[in-house]
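The following note concerns the structure shown below. The points cover confidence, overall dimensions and helix packing, in that order.

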Amino acid sequence: MRLTVIGTGYLGAVHAACMAEIGHEVLGVDTDATKTAALAAGRAPFFEPGLPELLARHTRTGRLRFTTSLEEAADFAALHFVCVGTPQRPDSLAADLSHVEAVVDGLVPQITRDSLIVGKSTVPVGTTRALGRRVTAGARDGVEIDLAWNPEFLREGYAVQDTLRPDRLVAGVTTPHADRLLRAVYDPMLRAGVPYICTDPATAELVKVAANSFLATKISFINAMAEVCDAAGADVVTLADALGHDERIGRRFLSAGLGFGGGCLPKDIRAFLARAEELQVGEAVSFLRQVDRINERQRLRTVDLARQLLGGTFAGRRIAVLGATFKPDSDDVRDSPALAVTCELAAQGADVRVHDPEGVDNARAVLPGPAYHTDVMTACRDAELVLHLTEWREYRALDPARLAEVVRVPRLLDARNALDTATWHAAGWHVRALGRPAPVPQPGHGEPVRVTIPHALGAPCTAPTAGEPVSGAPA
């Protein structure tokens, strides 16, 4: 089957490559000619395991091509996936739908045959209905254009796997024809037993934002428990393990730490809040405001604990930061908790050295002040405090004894609760983590730390967010 994917950012590039992988002829469309040229040459514009191999294979065979022309897209296929970004608006919590609207307004007048436009971007409930009016207004006489919504459920670092072997497919349609086309597109997945949920567009739109809101709530819940554990002298990791044995709760997404970030969860729960207010049901999801606040508090608490570990001041103190991306297996620094903490450390006078396996270039572009390194030992040399802020596998594999030889003081703050603290203690490190009891004081390290919460990080440390352009950043 021939199809187009409009918007070749994170979501679109992965979707296009995976659709080619399952046998379709795919034309990717983007306004950024530099990006389309790189993709056409088989080069991924961002780090995502498995994607470069798919791009190289299918651009070489011609099954996957790229263009900047919506007119060419309309001529190429009668099935179009819209994968452009829906970032948070600068003036409110609401989602900015201008990129989605621009695609519909630009594509529809070019379509000369009956077609189906399928949205995959994360949008507020009611978007399909509103876009339908734009489709009707812009369509040529005698041309029928259906509109459906097919939300994505990708995890950065696992996007190829999640696209080729999804845990469910959701199709919000208004006609049997749209349902048949989407079933044909995803036939290999359906034959493999992937559940296919056919519903109305409004429900399909809600599935994605509801899923992200639930995950964000679960993360913020355990982080709230971490704050209680700090006050009570309890251990949040053991608490989470015990809770996780309850099959009604489960252990996944129940790891206390620095909190969530990236291009999806933060802006999606805020957009959900804004849309609920518009629908006059804001009280029903008002708890999401507290979910968002708890998430931001983890950044505050990490900065505060780091300051106290250094005796109350960052001025002139060298700090090594392990991790800049919002999660491992990605080079994405949008709304990265790690980079927000780094920003505040530097703003308060610390000499910050940052390491990240993949995100150094993106982090430097957003936050140019700190020194960035691609070698962990270099980043940690002469540090008085090492902060573990992104749980890359490389950091779990570090040799604490070897690292202790290059730092000035073997002092670690594990803000992700992901390292083997016993191994680090055995190597002579003083280790602290959010929600875990302080160890017995060691000579030169002071008394156990009690975390207090400052009022705010302040304007210089607003979490860095790189906007999502029409060219298709993750939806």
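1. The model is predicted, and pLDDT is the predictor's confidence in each residue, on a scale from 0 to 100. For the protein chain the average pLDDT is 92, and 92% of the residues score at least 70.

2. One segment calls for caution. Over residues 440-475 the pLDDT stays under 50, although the model has 110 contacts beyond four places in sequence for this stretch. Where pLDDT is low, the predicted coordinates should not be read in detail.

3. As to overall form, the protein chain contains 19 helices and 14 strands. Its C-alpha trace spans about 80 × 50 × 40 Å along the principal axes.

4. Two packed helices are described by the angle between their axes and the distance between the axes. In the pair formed by H1 (residues 10-21) and H3 (residues 51-61), the axes come within 9 Å and cross at roughly 55°, so H1 is oblique to H3. The crossing is left-handed. From H1, the residues Ala13, Val14, Ala17, Cys18, Ala20 and Glu21 meet Leu51, Leu54, Leu55, Arg57 and His58 of H3. This contact of H1 with H3 comprises eight nonpolar residues, one polar and two charged.

5. Helix H10 (residues 201-232) packs with helix H11 (residues 236-244) at an angle of about 135°, the axes being 9 Å apart. H10 and H11 are therefore oblique to each other, and their crossing is right-handed. On the H10 side, Phe221, Ile222, Met225, Ala226 and Cys229 take part, and they meet Val236, Leu239, Ala240 and Leu243 in H11. By class, the contact of H10 with H11 has nine nonpolar residues, with no polar and no charged residues.

6. How are H5 and H6 arranged, and which residues join them? Helix H5 (residues 98-107) and helix H6 (residues 127-138) pack with axes 9 Å apart at an angle of about 25°, which means that H5 is roughly parallel to H6. H5 passes H6 in a right-handed crossing. Val100, Glu101, Val104 and Asp105 of H5 meet Leu131, Arg134 and Val135 of H6. The contact of H5 with H6 has four nonpolar and three charged residues, and no polar ones.

Terms used:
Residues numbered from 1 in each chain as written. Predicted model: local features only at pLDDT ≥ 70, side-chain atom pairs only at ≥ 80, totals over all residues. Heavy atoms only, no water. Contact = heavy atoms within 4.5 Å. Axes fitted to C-alpha atoms, helices over the stretch in contact; angles between N-to-C directions. Helix = DSSP H or I, 4+ residues; strand = E, 2+ residues; numbered from the N terminus. Parallel < 35°, antiparallel > 145°, perpendicular 65-115°, else oblique. Left-handed = near helix turned anticlockwise from the far one by under 90°. Nonpolar A, V, L, I, M, F, W, Y, C, P; charged D, E, K, R; others polar.
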